[in-house]
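Keep the viewer open while you read.

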Amino acid sequence: MTPAVSVIVPVYKAEATLDACVESILAQTFPDFELLLIDDESPDRCPEMCDAWAKKDPRIRVLHPAKAGPGPSGARNAGVQAAAAPWLTMVDSDDTIAPDLVEKLLAGAETTGAELVICNGCPVTEDGARHPLPADEQFTKDTLLDVDAFWDAFHTPWINQFTGTAHRLYAARLFDGVRYPVGLLHEDYYVLPDLIAHCSAVYCMAFTGYYVLRHAGSITDGARHEVRLAMTKGDIHRAEYFLHNGWYDRAEGALTDAALFLHDNKRAYDLTKPGHRAEFAETKRELCRVYNALAAQKGSASMKLRAAALRAGLGVFAMYVRARG
């Protein structure tokens, strides 16, 4: 029989946390799910651990695809491709979930008709202590958002709940024609507009059911060159989505965020390295291309001046924008 939910877990260098992660999934109060463990060519014992788990529970399937590049995009894509259920949820192999997570997310989807359901996540430190998010970042009441309201809420502290892959349930059809960009970190931030484009509603639940392990070396806590540029590329991609929909103010906001972030973090990119320098230059060209497209479509004199300032340089753009408040 086809399961109701596919739980996708990319696995890479997770020897110390994988068992706890899998145990928390198998302990779900809603039993009608399949668990896909995607071995991302982990160089430790994780491949063997995944195979051992599959022998213990018939709901577990293990995939061993070739690693497609840095980050978990390739493993996520393999899981999405293999998933059999009409609903998907993703769990990182260093995290754990509450016993009723799947049950509550699915009930939320069925009650509201939303294609994307999100609950609160809670950071956990390596000593096991839970550190709930600040009150303004949490969903304090169940809230149904249409697409317009979702993008309005994106500019609130809720953004920290919206950008991620975990503590949410997706209608599998959201991924029709959509895959995570291979080789790009913060792939979840980048692909969000593509998923929301297939949505009619997002349901935010005042329920904390996902526990995020925060530890040194995680992508979430990283500030490497690749991570910073990935955020900028995500802003540019989001601006293109807004532009396609004729949401010019939103597109301008996303592009301004991208340009100022790129400018303010320039020293973090170590442009003495040829690879970094080339990637930085290409990102800036993309930023200029989309800003020029926005200026051409909106047609306002002020927008054309901003586009010209950006072409003149990130510093010129930052001075111009900040001088105008």
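## Ground rules

This is a predicted model, in which local features need pLDDT of at least 70 and side-chain atom pairs count only at pLDDT 80 or more, while totals for chains, interfaces and linings use all residues. Numbering starts from 1 along each chain as its sequence is written, and side-chain values use heavy atoms, with hydrogens and water left out.

Helices (H or I, at least four residues) and strands (E, at least two) are DSSP runs, numbered from the N terminus. Buried means under 20% relative accessible area, exposed over 50%, and partly exposed in between (1.4 Å probe, protein chains only). Contact, or touching, means heavy atoms within 4.5 Å.

## Helix H4

Start with H4, residues 101-112. At 1.5 Å a residue, its 12 residues should span 16 Å, and the end C-alpha atoms are 17 Å apart, which agrees. (The expected span is 1.5 Å times one less than the number of residues.)

Which residues of H4 are buried? They are Leu-101, Val-102, Leu-105, Leu-106, Gly-108 and Ala-109. Seen down the axis of H4, the buried residues fall within an arc of 155°, so they line one face of the helix; the arc is that of the directions from the helix axis to the C-beta atoms. Glu-110 and Thr-111 sit on the other side of H4 and are exposed. The cover over the buried residues of H4 includes strands S1 (5-11), S4 (87-90), S5 (96-97), S6 (116-124), S8 (168-171) and S9 (201-213). After H4 comes Gly-113, with a positive phi near 80°.

H3 (residues 73-82) is mostly covered, with 8 of its 10 residues buried. Those buried residues are Ser-73, Gly-74, Ala-75, Arg-76, Asn-77, Ala-78, Gly-79 and Val-80. Covering them are, among others, S1, S2 (33-39), S3 (60-63), S4 and H7. Gly-79, in helix H3, is buried, with a relative accessible area of 0%. Leaving aside residues up to four places away in sequence, Gly-79 touches Ile-8, Leu-36 and Ile-38. Gly-79 and Pro-65 are 14 residues apart in sequence and 9.7 Å apart in space, C-alpha to C-alpha.

In H1 (residues 18-26), the buried residues are Leu-18, Cys-21, Val-22, Ser-24, Ile-25 and Leu-26. They pack against S1, S2, H2 (46-56), S3 and S5.

## The cavity and a pocket

Now for the gaps. Rolling a probe the size of a water molecule over the atoms shows where empty space is left. On a 1 Å grid over the protein atoms alone, a cavity is a set of points where a 1.4 Å probe fits but cannot get out, and a pocket is an open set with protein on both sides within 12 Å along at least five of seven lines; lining residues have an atom within 4 Å of a point. Grid points are joined across faces, edges and corners, and a volume is the space filled by probe spheres set on the points. How many cavities of 30 Å³ or more does this rule give? The count comes to 1.

The largest cavity has a volume of about 30 Å³. Its lining is Gly-164, Thr-165, Arg-168, Tyr-170, Tyr-180, Asp-188, Val-191, Leu-192 and Leu-195. S8 and H7 (187-196) are the elements that give two or more residues to this lining, and the largest share, 4 residues, comes from H7. The lining divides into 5 nonpolar, 2 polar and 2 charged residues. Here Ala, Val, Leu, Ile, Met, Phe, Trp, Tyr, Cys and Pro count as nonpolar, Asp, Glu, Lys and Arg as charged, and the others, Gly among them, as polar.

The second largest pocket has a volume of about 180 Å³. It is lined by 13 residues, with Asp-94, Asp-95, Thr-96, Val-124 and Leu-213 nearest its centre. By class, the lining splits into 5 nonpolar, 4 polar and 4 charged.

## Single residues worth a click

Lys-13 lies in the loop between S1 and H1 and, at 55% relative accessibility, counts as exposed. His-167 is in the loop between H6 (159-162) and S8 and counts as buried, at 8% relative accessibility.

His-237 belongs to H8 (residues 225-244). At 14% relative accessibility, His-237 counts as buried. Not counting residues up to four places away in sequence, His-237 touches Tyr-190, Pro-193 and Asp-194.
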